[in-house]
Amino acid sequence: MRKEKCNAVLIHVILILMAFVMIVPFLWMLLTAFKTISEATSVNPFVILPSSWKFDSFKNVWKSYNFLVLYKNTLLMIFFRVVCAVLTATMAGYAFGRMKFPGKNVAFALVMIQMMVPGQIFIIPQYVMVSKLGMLNKMFALVFPGMVTAFGTFLLKTSFQGLSKDMEEAAMVDGCNYGQRFLLIMAPLTRSAMISLGIFTAVFAFKDLMWPMIVCSESAKTTLSAALAKMQGQFSSNYPELMAAALMACLPMIVIYVIFQKQFVEGIATSGGKL
């Protein structure tokens with residue numbers, strides 16, 4: 001009994017230390033945002049807290065960058081990517097997981113090949129397609145790469161395959177066609193998988209940097225990640241302002257997590273994945 005308590009205490013101590021290690025970068029960003037440039041670039045390891053808490057960096061960043069527009073662009077991109085990814089992946093997952101049609105295995109193999117190659121390979125073809133459509137510097141350009149997801153198709157296919165055939169067969173006996181069986185019977189049963197896909201899609205869309213910088217050169221059309229990257233100077237950077245902007249950029253995801261915390265935990269636990 002005593003040994004079990006010691007093991008439990010040791011595990012908790014290790015977890016607390018690991019949590020502290022993970023939260024240190026965020027605390028450093030938070031403290032740096034309130035420092036002066038000299039304090040932020042000081043080599044003195046004991047300069048941790050700012051001598052006085054200043055909000056000048058936040059004011060300067062808010063005046064220099066239209067964060068309301070950046071928030072709007074980023075949240076709209078996340079919303080449309082999540083909707084498109086969940087919709088297309090659910091339909092494709094049902095087709096691959098429950099239906100039989102010629103060339104099914106070949107078609108699914110082509111989908112899986114996309115997961116086996118680096119995503120950067122698709123940047124040039126996607127850019128050419130968006131450019132030919134005349135959609136550069138528009139919301140469609142930001143959403144375009146996330147409209148279809150190979151990972152989501154695989155996740156939903158696996159989820160549909162794990163469901164019992166009894167209810168679908170009963171619906172078939174009652175005269176339901178493929179569309180009715182999909183919408184009314186099978187799709188609601190994969191709610192956890194759709195939540196998981198939505199979480200992953202939202203996080204990856206929020207962190208996407210290269211694509212917004214390529215297709216949205218106008219500052220009023222870009223996202224938070226691309227705007228932060230442009231704040232980095234070639235020879236020097238204003239670290240307090242950079243950290244203040246990064247802190248402000250984190251607010252949407254923090255708010256979303258607080259509101260949908262239960263769904264986040266349920267989705268990650270169900271999928272067995274990690275962010």
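Student: Is the crossing of α9 and α10 left-handed or right-handed?

Tutor: This is a predicted model, in which local features need pLDDT of at least 70, side-chain atom pairs count only at pLDDT 80 or more, and totals for chains, interfaces and linings use all residues. Residues are numbered from 1 along each chain as its sequence is written, and side-chain values use heavy atoms, with hydrogens and water left out. A crossing is left-handed if the near helix is turned anticlockwise from the far one by less than a right angle, and right-handed if clockwise; that of α9 and α10 is right-handed.

Student: Which residues in α9 and α10 meet?

Tutor: With contact meaning heavy atoms within 4.5 Å, M167, E168, A171 and M172 in α9 meet R181, I185 and M186 in α10.

Student: How are two aromatic rings described as a pair?

Tutor: A pair of aromatic rings is described by the distance of the centres and the angle of the planes. Rings of Phe, Tyr and Trp (its six-membered ring) pair if their centres lie within 6.5 Å, and planes under 30 degrees apart count as stacked, over 60 as edge-to-face and the rest as tilted. By this rule the count comes to 15 aromatic pairs. The centres of F34 and F55 are 5.2 Å apart and their planes stand at 90°, so this pair is edge-to-face.

Student: Are Y94 and F182 buried or exposed?

Tutor: Buried means under 20% relative accessible area, exposed over 50%, and partly exposed in between (1.4 Å probe, protein chains only); both Y94 and F182 are buried.

Student: Which residues form one aromatic cluster?

Tutor: One aromatic cluster is formed by F34, W53, F55 and F58.

Note on methods:
Helices (H or I, at least four residues) and strands (E, at least two) are DSSP runs, numbered from the N terminus.
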